[in-house]
Amino acid sequence: MKIGALTEVFAGENRVAMTPESALAIQKLGHSCCIQAGAGEKAGFTDAAYAAAGVEVLADAAAVLKAAEVVVKVRGPDADEAKALGKGQTLISFFWPAQNPELLETVKDRGATVVAMDMVPRISRAQKMDALSSMANLAGYRAVIEAANNFGRFFTGQVTAAGKIPPAKVLVVGAGVAGLAAIGASVSLGAVTYAFDVRPEVAEQIESMGAEFVFLDFEEKQDGAATGGYAAPSSPEFREKQLAKFRELAPEMDIVITTALIPGRPAPKLWTEDMVRAMKRGSVIVDLAAERGGNCDLTVPDEKIVTDNGVTIVGYSDFPSRMAAQASSLYSNNIRHMLTDLTPKKDGVIHHNMEDDVIRGATVAHDGAVTYPPPPPKVQAIAAAKPKEKAKELTPEERKAKELAAFKKQTQTQVGMLAGGGLLLALVGLYAPASFMSHFIVFALACFVGFQVIWNVSHSLHTPLMAITNAISGIIVLGALLQIGSGNFFVLIFATVSVLIATINIVGGFLVTRRMLAMFQKS
């Protein structure tokens, strides 16, 4: 089939859904490619580069729509583009079906199939198609760069001859993909970074990146796996507790980056007007949820404003588009992987398998019917590892009682073993000759001493102490040498084998120890 890419008509959109590199990969699936002339210019991809990659460059959108069975875009179609789709044609793009019911009805009436890249379920197999995460990663990084551009000081602290510069304090609200990217960029620039998320399981991820998790003492908890990997609406009580915590932090923060979004809903209001008023002059708020209404009360979508108290609020909705080349490469790869799943035999024939979790989840219109919302995926969504519970701190009395109990248990075990061993020796002594008993007692004591020496050494210390424990092997060698002079043939054989095995153990122990010590030498 022919895959066609259109020029984005949305004002300020610089991305393109197909790059020369992704076109080469799509052609390996058996498809051919075409693109509207000039579609990649804003992202840095010339028509000549597409032609060199075997892509047919067509004059206008009408020519692409006429030639292509599958149309790929970044932004969702406008009304005219939706009406231009034909029966049996497939559109792959962001679509936001919950926010665009009229558009959904239009494509249904046209008999077109729509694969919404914003509806790809967050399961492990679908990570390569997760365009929301690809774009959110760029947006989180870019948000920190925009904040730095509008902030009047260094991010990192410095002590200079001219004076001391304190580090900037950054709060990231929402630790999804965008939030984690913002945390990484902020920490790398040297800021003191704090982060909050309603899902407690992400605390470990936040702390591992060098930021401090803002803990909210509240019983309500959310599981990211239960909500498809996304945050879900919070209860009114939790929201009030959350806002109270933010009001407490607002006067201290220099930069606030909000990333909270709930699928199918307007962005929750988390940074209220009174919090903005409480912030210091020169502070910056970057609202990554501006396109969905914003997390801040004062956010103006697609604009940057400065409040009366000198706080800059950045409400741009095109952060990935500001890194168009990188964003286009990532997004076109997501599209290419989606086409790979839609072309399982790599024969250039699209097979729209509605039994597949990923394809079914992303498909919002098919065969003249609206298929949104999809059923929940059979496979559980990706969730962060649950943080390990910290061990309870014992009081001195509890610690003493625990040590006493352990000592009593150890004593009982040792006394029991000694009593059992003594009874066994006495039982053997009733029937065995005196010459055998003298050797048997030495053997039993040697086993006991060897067991105590080895068992009480930590496993991590066995290799460094191997040279010392070779003394036990030395005892075996001495005992075997004494027995070699015996006139009994079988005793001679066993003694010789004992010397051989113990010698191997001794030599090997010293060689391993030497290698261990060499690891810590400079030359």
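Biologist: Not counting residues up to four places away in sequence, which residues does Ser328 touch?

Modeller: This is a predicted model. Ser328 has its place in helix α11. Leaving out residues up to four places away in sequence, Ser328 touches Arg15, Val16, Thr19, Ala43 and Phe45.

Biologist: Does Ser328 count as buried or exposed?

Modeller: A residue is called buried when its relative accessible area is under 20%. The value for Ser328 is 0%, and therefore Ser328 counts as buried.

Biologist: Which element gives the largest share of the largest nonpolar core?

Modeller: The largest nonpolar core has 43 residues, and Val72, Ile92, Tyr331, Met338 and Leu339 are those with the most contacts inside it. Among the elements that give two or more residues to this core are β1 (2-5), β4 (70-72), α6 (131-150) and α11 (324-342). The largest share, 7 residues, comes from α11.

Biologist: With which residues is Val72 in contact, leaving aside its neighbours within four places in sequence?

Modeller: Val72 belongs to the residues with the most contacts inside the largest nonpolar core. With neighbours within four places in sequence set aside, its contacts are Ile3, Gly4, Ala5, Leu6, Ala17, Met18, Ile92 and Ile335.

Biologist: How many nonpolar, polar and charged residues are there in the contact of α6 with α7?

Modeller: The axes of α6 and helix α7 (residues 177-188) come within 7 Å and cross at roughly 35°, and the crossing is right-handed. On the α6 side the contact is made by Ser133, Ala136, Asn137, Gly140, Tyr141 and Val144, and on the α7 side by Val177, Ala178, Ala181, Ala182, Ala185 and Ser186. These residues divide into 8 nonpolar, 4 polar and no charged.

Biologist: Which strands stand at the edges of the open sheet of 7 strands?

Modeller: The sheet has mixed pairing and the strand order β11-β10-β9-β12-β13-β15-β14. An edge strand has a single partner, so one side of it is left without a neighbour in the sheet. The strands in that position are β11 (212-213) and β14 (304-306).

Biologist: At what angle does α6 run to β13?

Modeller: Helix α6 lies across β12 (255-258), β13 (284-287), β14 and β15 (312-314). Its angle to β13 is about 155°.

Methods:
Residues are numbered from 1 along each chain as its sequence is written. This is a predicted model: local features need pLDDT of at least 70, side-chain atom pairs count only at pLDDT 80 or more; totals for chains, interfaces and linings use all residues. Side-chain values use heavy atoms; hydrogens and water are left out. A nonpolar core is a set of buried Ala, Val, Leu, Ile, Met, Phe, Trp, Tyr and Cys residues joined through side-chain atoms within 4.5 Å. Buried means under 20% relative accessible area, exposed over 50%, partly exposed in between (1.4 Å probe, protein chains only). Helices (H or I, at least four residues) and strands (E, at least two) are DSSP runs, numbered from the N terminus. Contact means heavy atoms within 4.5 Å. Axes are lines fitted to C-alpha atoms, for helices over the stretch in contact, and angles run from 0 to 180 degrees between N-to-C directions. A crossing is left-handed if the near helix is turned anticlockwise from the far one by less than a right angle, and right-handed if clockwise. Ala, Val, Leu, Ile, Met, Phe, Trp, Tyr, Cys and Pro count as nonpolar, Asp, Glu, Lys and Arg as charged, and the others, Gly among them, as polar. Two strands pair if DSSP finds at least two bridges between them.
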